[in-house]
Amino acid sequence: GKNLVIFSPTASGKTFCAELAMIKKILNENKKVVYLVPLVALANEKYEEFKSKYFNLGVKVALSVGDYDSSDPWLKNYDLIVCTVEKFDSLIRHKAEWIDDIGLIIVDEIHLLNQPDRGPTLEVVLTIFKKIIPKSQIIALSATIKNAKELAKWLDANTVISEWRPVKLYKGVSYPHKIEFIDRNGYELDENLPLEESIVKNTMNLKKQAMVFVSTRKSAESLAEKLTNIVRLYLSKNERKDLEKLSNQIENVLELPTQQCKRISKCVKGGVAFHHAGLLYLQKKLIEENFRNGLIKVIVATPTLSYGINLPAFRVIIRDIKRYSFGMGAGYIPILDVQQMLGRAGRPAYDNFGEGIILAKNENEAEEIINYYINGEPEDIKSKLALEPILRMHILSLIANNFCNSKKDLRNFFSKTFYAFQYKKISEIDRKVDEILDILFKWKFIEKKEEGLFATKIGKRVSELYIDPLTAHHFIECLSKTNEK
């Protein structure tokens, strides 16, 4: 019944701990459980898994993602609701009537608090949840939290920290013609091939599977195409036949296949797939299923695939340690992200060990990678709540929901966030709150009455539609100019 932050490696059983609490809460206490995830793909996977596992116990499982303009009243008839953080935030905004029946919230991949895009919404949702249902239990899960105890203190939780991993993970680097590991012998590679292709050839010779992480969708597609030249040489006659069928299935998911459908289909025919957010749900599902059953040998993916989806491989290869961020250009990715990706290596029930390999241009860079990424400590999770676009959305939402009806209420709310807990002062947020309130008044999204601050009709609608007030204001301005003409 206590709040918990469970920090342990991939496949060590942390989700199972959460499931035990979940089933107890539903069957013994007749309470609802919400399972929060960062991605729609992960929500779909957990929904299918829990539905098949707990159907015989009479547990009704629901999936709620997308459609931010609905309170989904049908969810009141379900025991276990799997949803994305953004969807749960929108359900709170729409005042879903069943929210008070929640007895447990499970937060998968809690380390995403550290991400500028998703982290602040998760932080606000948890702050609201702690306030509106203070007696509910919170269980937070992650494989990579350095400051787990700080996070636990904010959530008023106990920590469960374990380094036990069911499958040993060897970490190493690869540069032309070699793979070297920290604590075991490595491999010599084919000198006549580019590095990525020589590693994949080595993987095929070991009769194993690999996942390759790259920074962009474009890179994922072009590298997957190159790797088919290697992988197809290792396919058996039956595998070629099965891949031909799978390839046709993937290509014809739509009535009229797009260029991307044809491109992924061609790769799959050669035993390789690319995987990114631009693929259709059914295509991703077919790729994931056929990687799990061993038919697809290599997946080239963007980093989103490292977030919790149960898709382990014997070998994980990180090709790109730099990533482009809007407004900041290319920069080195955090150690935390690299450890998360490497953690996908090693398949329980299939392998005695797994291999995580980071690519380097030469021996000197390989040494730097070992010192920084492999021997280095992951960064602390830091609140990103002070980012202005996020604050705009959430300040309007807090007023629209009558959760905060004055500056004092807003100050009190933000004093309970992880940001305030971590930095011990909220003067920066106070200043930004004042600026944002002035803007929301100017745009006529909020108004002042005797009783305090309230959202106008349009302000409430903007909040319900889950869009940045700045975007909404831009739409309104453009429409006004059109009407003038």
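This is a predicted model: local features need pLDDT of at least 70, side-chain atom pairs count only at pLDDT 80 or more; totals for chains, interfaces and linings use all residues.
N30 sits in the loop that links helix 1 (14–27) to strand 2 (32–37). Its backbone is worth a look too: phi at N30 is positive, about 55 degrees, although N30 is not a glycine.

H177 has a positive phi as well, about 75 degrees, and again the residue is not a glycine. You'll find H177 in the loop between strand 8 (168–175) and strand 9. Is H177 buried, exposed or partly exposed? Its relative accessibility is 31%, so H177 counts as partly exposed.

## R184 and its partners

Now go to the loop between strand 9 (178–181) and strand 10 (187–188), where R184 sits. R184 has 24% relative accessibility, so it counts as partly exposed. Leave out residues up to four places away in sequence, and R184 touches Y170, F353 and E355.

With E355, the link is a side-chain to side-chain polar contact of 2.7 Å. The side chain of R184 also makes a polar contact with the side chain of Y187, this one at 3.4 Å. For a sense of how the chain folds back here, take R184 and G172: they are twelve residues apart in sequence, and their C-alpha atoms are 9.3 Å apart in space.

## D72, a buried charge

D72 is also in a loop, the one between strand 3 (61–64) and strand 4 (80–84). At 7% relative accessibility, D72 counts as buried, because the cut-off for buried is under 20%.

What does D72 touch, once neighbours within four places in sequence are set aside? The list is S64, K87, L91 and W98. With K87 there's a polar contact between the two side chains, at 3.3 Å.

## Helix 7 meets helix 9

Helix 7 (residues 217–231) packs against helix 9 at an angle of about 35 degrees, and their axes are 9 Å apart. The crossing of the two helices is left-handed. On the helix 7 side, the residues that meet helix 9 are E221, S222, A224, E225 and T228, while helix 9 brings Q260, R263 and C267. Sort the residues of this contact by type and you get two nonpolar, three polar and three charged.

S219 is in helix 7 too. With a relative accessible area of 15%, S219 is buried. Its side chain makes a polar contact of 2.8 Å with the side chain of T216. Further along the chain, beyond four places in sequence, S219 is in contact with V214 and R319.

How far apart should the ends of helix 10 (residues 281–292) be? The helix has twelve residues, and at 1.5 Å a residue they should span 16 Å; the end C-alpha atoms are 17 Å apart, which agrees.

Several residues of helix 10 are buried: Q283, K284, L286, I287, E288, N290 and F291. Just after helix 10 comes G294, with a positive phi of about 90 degrees.

Methods. Residues are numbered from 1 along each chain as its sequence is written. Side-chain values use heavy atoms; hydrogens and water are left out. Helices (H or I, at least four residues) and strands (E, at least two) are DSSP runs, numbered from the N terminus. Buried means under 20% relative accessible area, exposed over 50%, partly exposed in between (1.4 Å probe, protein chains only). A polar contact is a pair of N or O atoms within 3.5 Å; within protein, one must be able to donate a hydrogen and the other to accept it, and residues adjacent in sequence count only if both atoms are side-chain atoms. Contact means heavy atoms within 4.5 Å. The expected span of a helix is 1.5 Å times one less than its number of residues. Axes are lines fitted to C-alpha atoms, for helices over the stretch in contact, and angles run from 0 to 180 degrees between N-to-C directions. A crossing is left-handed if the near helix is turned anticlockwise from the far one by less than a right angle, and right-handed if clockwise. Ala, Val, Leu, Ile, Met, Phe, Trp, Tyr, Cys and Pro count as nonpolar, Asp, Glu, Lys and Arg as charged, and the others, Gly among them, as polar.
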